[in-house]
Amino acid sequence: MPSELQKNLDYVSAYRENRLKGAQSVLENPDCFPELIAICFDISNKNTHKACWILEFVSYEKLEWLQPHLDFFCSNLKVLKDESSIRPIAKICQLLVTAHYKKSETNINLSETQLQDIIETSFDWLITDTKVAAKAYSIRTLHILGKHFDWIHPELQIILTKDYGNHTAAYKAVAREILKKIK
């Protein structure tokens, strides 16, 4: 018997207002949040990408809800292969890393292992054949991390410079912006 969340995901579409409605339902029923995260990384579930879309919108409002699930979230990043799942998760990684170093009102604390998982996966998404939005989020995430891990910026610079000519205008814009910041 599918859960309420699973039934709701069946009706979620790519339309922004539809994804927002799905996220609102989770925000109003926080007990289904652990199930949402589990579905995000259950690649055998037909709604994995929809769960990722909703998790992204929930994260804008309640990023701190991820804190108790960060081990699971970060250690499973590499299982995602579907572009529709990777883009929102790459954005969430950027939000998490930003919050971790800002020590703002979110109180997100990433462990060394979690940071390493995000670094490794962000580099993977950057150097593999992933769509430009996920690459852009990965570049920004790695830029932030490079302020705290001195080996990242030189590596990032090599990749961005080497790959620059083979990419879209959107990729080049982000690459230019970040290259300027790290030179």
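Predicted model: local features only at pLDDT ≥ 70, side-chain atom pairs only at ≥ 80, totals over all residues.

The largest cavity holds about 30 Å³ of space, where a cavity is a set of points on a 1 Å grid over the protein atoms alone at which a 1.4 Å probe fits but cannot get out, and the volume is that filled by probe spheres set on the points, which are joined across faces, edges and corners. Residues are numbered from 1 along each chain as its sequence is written, and side-chain values use heavy atoms, without hydrogens and water.

Lining residues, those with an atom within 4 Å of a point, are Leu5, Asn8, Val12, Gly22, Ser25, Val26 and Ile54 for this cavity. Two or more of them come from each of α1 (4-10) and α2 (16-28), helices being DSSP runs of H or I with at least four residues, numbered from the N terminus, and α2 gives the most, with 3 residues.

Turning to Ser138 in helix α8 (residues 132-146), this residue counts as buried because its relative accessibility is 1%, the cut-off being under 20% relative accessible area with a 1.4 Å probe and protein chains only. The Ser138 side chain reaches the backbone oxygen of Ala134 at 2.9 Å. Leaving out residues up to four places away in sequence, Ser138 touches Ala90, Ser122 and Trp125, contact meaning heavy atoms within 4.5 Å.

Terms used
1 Å grid on protein atoms, 1.4 Å probe; cavity = no way out; pocket = protein on both sides within 12 Å on 5 of 7 lines; lining within 4 Å. Buried < 20%, exposed > 50% of the residue type's maximum accessible area, 1.4 Å probe, protein only. Polar contact = N/O pair within 3.5 Å; in protein donor to acceptor, adjacent residues only side chain to side chain.
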